[in-house]
Amino acid sequence: MGFYTSNLGNALASDVLSGIWVQSLADRNALPNHPSLIRAPAPVGATTVRVPDLDLNGAVLLASTTEGAAVSATTPTDNASDIALARFSKRYDLSDFMRQVDGLGISAEQVFAMDALIACGATLRDEVAQIVDAFSSTVGSTTVDATAANFLEAIATLEIASVNGPYLAMLHPRQWADIRSDVSTASGGAIQWNAGSQEVLNASKGLGSQGNFLGVDVYTSTSIVTANSLADRAGGMFGRGAIAYAMSAPRSDADFTQVVLGNEVLFEKDRNAPAGLTEYVSHMHFGVVEVLDAAGVSIITDA
Amino acid sequence: METASTTPFVMDSDPTGGPPPTRIEASTPFIYVAHPERWMVLAGKVLPLLGKVKIRKGQNGIITDRHGNLIGVRAAIARKEERGWSHVPLDSVPPQDRTPGEPVSYLCTPQGRPDAHVSIYTRLYPGATVADCDEAGWVRFLEYQLTQGVIPPCPIYVLERMAQAEEDKRNKAADEARSVPSRAVDAERHGAALAAIRKEIAKRTKKAKPVKRQTAQVVIDE
């Protein structure tokens, strides 16, 4: 991606010397640091991070045993999901001439550093959103708008599967809008005066965290994928154990102009002198995996 | 004084002279997978509700080598199969939906959008972010997977559970329709879904064999 005067003529014309610019429309939000998402530590030297799931802490009950008889040994189940760390990078090239004529301040180093961190959070969100469509449990009906009943059914599915809360719902804005509409207009008068539904109406502004509805934290993102050949959107609701991710901590080298941002992104500046370009490059290594299929439920409703 | 230009005048928005490419979101390739408990009613039929294994770096153990080749795709599919899913091979496409002279695949990339991967049953529009589903084709595709045995039929217990849920929803919608007339449409839809599920149950029960069993004895007291 080049920051050249030829690409950014709109940001250079004299009539934009007001010094303001408007962000283009995009989903820039990062996922909340929510207890339902497991961040697995990625120790130095690991290219793959293993997340085991074990039936300890009361999952296996004591067996009724005859007095004097030896009780047989219990073998815990030992499953695991592996997170392979993969590289994600981005580069911006900034021409010398662009720096000279930039009246908006968009060619400042800090702008690119901030962009790298925001993009890191957004990339992780995008990857997690790719997983919530493929839980084996589903609620909703194809080509039918999402309803508050679907939301309640998803909660029930998780509770019946013994999933610990708090739950996080990741929905496409279309799905959330349908639920909101159902809560406010089509609930037959049963819940429209409920404090929870009022909260939904108040919180529904833009993307990202939408607050808490019926005890579930709700997050919307346009990264939520489609289902049924684009007829539907496939969001999901999950508790702790459904999804895990790992990010390796990058190392910076004192010999180069590079810095580690937020312990997650390696951000560096490179100079391509013959081309008259300053390059800002960011790298991160991470991976996402579904751990416990039953700890999540996909919400598949009309797109 | 006239100056001649060697560069022909070209409209910015239409450099090829053809329609602009679709503006749908970019998406990575994927493999369809089916789970024995994921089913839906579509066009009056009980059909599998497919999931996807995204062939995407960073997801479910998939990485790339230094040449950009994907590693771990088969392992990602195998992990899904370990959890009870079955995968739909890329070339499992009804004969009438295959494009002569091209490799058989249910995935395609729209013209001018090599970064977008959609099923061949997705309808796209030039220059638009809108896309929708060719429902008749999609139903044909799903039925083909069932008739070819790629996806095993819906287990009876799942059908029974679906029927129960649809019956509850129909009854609730019918009750609510007395005060909210628009709910009558929902009641009708759930009723139609229930009929489709019951039809499938009746079809399957006819062929069902009883489960083998043996009687169990309990010693009450010595």
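Tutor: Gladly; keep in mind that this model is predicted. Chain A has five helices and 16 strands.

Student: How much of chain A is buried?

Tutor: Of its 303 residues, 40% are buried. As for contacts in chain A with a separation of 6 or more, 77% are between residues 24 or more positions apart.

Student: How do you know whether helix α2 of chain A has the span expected for its residues?

Tutor: Helix α2(A) covers residues 109-129, which is 21 residues. The expected span is 1.5 Å times one less than the number of residues. For this helix that comes to 30 Å, and the first and last C-alpha are 30 Å apart, so the two values are close.

Student: Which residues of α2(A) are buried, and what covers them?

Tutor: Among the buried ones are Phe112(A), Ala116(A), Cys120(A) and Leu124(A), along with the charged Arg125(A), Asp126(A) and Glu127(A). Their cover includes the strands β5, β7, β12, β13, β14 and β15 of chain A.

Student: Let's move to chain B. Why is Ile197(B) called buried?

Tutor: Count its neighbours: Ile197(B) has 25 C-beta neighbours inside 10 Å. The cut-off is 20 or more, so Ile197(B) counts as buried.

Student: Where is Ile197(B) found, and which residues does it touch?

Tutor: Ile197(B) is in helix α4 of chain B, residues 183-207. Leaving aside residues up to four places away in sequence, it touches Val41(B), Val46(B), Leu159(B), Met162(B), Ala163(B) and Glu166(B). Met40(B) is 157 residues away from Ile197(B) along the chain, yet their C-alpha atoms are separated by 9.4 Å.

Student: Which domains are assigned in chain B, and how many residues of each are in contact with the other?

Tutor: The assignment gives domain 1 (30-147) and domain 2 (156-207). Their centres, over C-alpha atoms, are 29 Å apart. Seven residues of domain 1 of chain B are in contact with eight residues of domain 2 of chain B. On the domain 1 side, β2 and β3 of chain B give two or more residues each. That side divides into four nonpolar, one polar and two charged residues.

Student: Why is strand β1 of chain B called largely enclosed?

Tutor: Five of its five residues are buried, so β1(B) is largely enclosed by the rest of the structure. Phe30(B), Tyr32(B) and Ala34(B) point one way, while Ile31(B) and Val33(B) point the other way.

Student: What makes β1(B) paired with β4(B) and with β7(B)?

Tutor: At least two bridges are needed for a pair. Four bridges join β1(B) to β4(B), and two join β1(B) to β7(B), so both meet the cut-off. Each pairing is antiparallel. Phe30(B) stands opposite Lys54(B) in β4(B), and Val33(B) stands opposite His87(B) in β7(B).

Student: How many residues does each chain bring to the contact between A and B?

Tutor: Chain B brings 32 residues and chain A brings 24. The chain B side divides into 11 nonpolar, 12 polar and nine charged residues.

How values were computed
Residues numbered from 1 in each chain as written. Chains lettered and ligands numbered in written order. Predicted model: local features only at pLDDT ≥ 70, side-chain atom pairs only at ≥ 80, totals over all residues. Buried ≥ 20, exposed ≤ 12 C-beta atoms within 10 Å, placed from the backbone. Contact = placed C-beta atoms within 7 Å. Domains from an automatic or database assignment.
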